[in-house]
Amino acid sequence: MLTWDDLKKECLNCNKCGLRQSATHTVIGRGNETAPLMFVGEGPGEEEDKQGLPFVGKAGQLLDLLLNAIPFHQSEYYITNVVKCRPKDNRDPLEEEVAQCLPYLRNQFRLIRPKIIVCLGRISAKYLIHPDFRISQDRGKWFDKGGVKMMAVYHPAFLLRNEKEKITQWYDFMKIREMLNELTK
Ligand code: URA
């Protein structure tokens, strides 16, 4: 039986792709390790690489603001990324980097057993929901994968550049709140 300790050790010792060489930290996740709700972003940015925690830079602060405003309690969610090491200069992770890293995310799903998985942005939705996922068309819609409810929303970094869309994100997060209430009542 896989344990969190095994998974964390494996991640920390991983050298399967080139990303580890330029990374300061391997960023595994933050939040409740048995939460009913998981958020999955793309990959650590500069600040996340420095601190070893996901979504702690500007985009993360916006995400936290929204989570607190809806509200979601910290015990209700866990936050991680598709790749655990920072792609330099914030480029998209390469397919082969994602392929090497996805087994860690799958094991996080197995350990957490969330009822809802929310993809933060197109890259996460591409790998977790559908390879041709269109974020502007398909965000805010529910998908069912093996009994788990999945939704993609805008990446918080996109909202920093497109303030007008914050209202869309608000309504999408309200849908997530309602679904979580429904699934945990
Ligand atoms: N963007 C991401 O996709 N993930 C982070 O952890 C930070 C910024």
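Student: How many cavities of 30 Å³ or more does the structure hold?
Tutor: This is a predicted model, in which local features need pLDDT of at least 70, side-chain atom pairs count only at pLDDT 80 or more, and totals for chains, interfaces and linings use all residues. Residues are numbered from 1 along each chain as its sequence is written, and side-chain values use heavy atoms, without hydrogens and water. On a 1 Å grid over the protein atoms alone, a cavity is a set of points where a 1.4 Å probe fits but cannot get out. Of cavities of 30 Å³ or more, the structure holds one.

Student: What volume does the largest cavity have?
Tutor: A volume is the space filled by probe spheres set on the points, which are joined across faces, edges and corners. For the largest cavity it is about 130 Å³.

Student: Which helix gives the most to the lining of the largest cavity?
Tutor: Lining residues have an atom within 4 Å of a point; of the 15 here, the closest to the centre of the cavity include Cys-14 and Tyr-104. Helices are DSSP runs (H or I, at least four residues), numbered from the N terminus. Helix H2 (19-22) and helix H5 (95-112) each supply at least two lining residues. With four residues, the helix that gives the most is H5.

Methods:
On a 1 Å grid over the protein atoms alone, a cavity is a set of points where a 1.4 Å probe fits but cannot get out, and a pocket is an open set with protein on both sides within 12 Å along at least five of seven lines; lining residues have an atom within 4 Å of a point.
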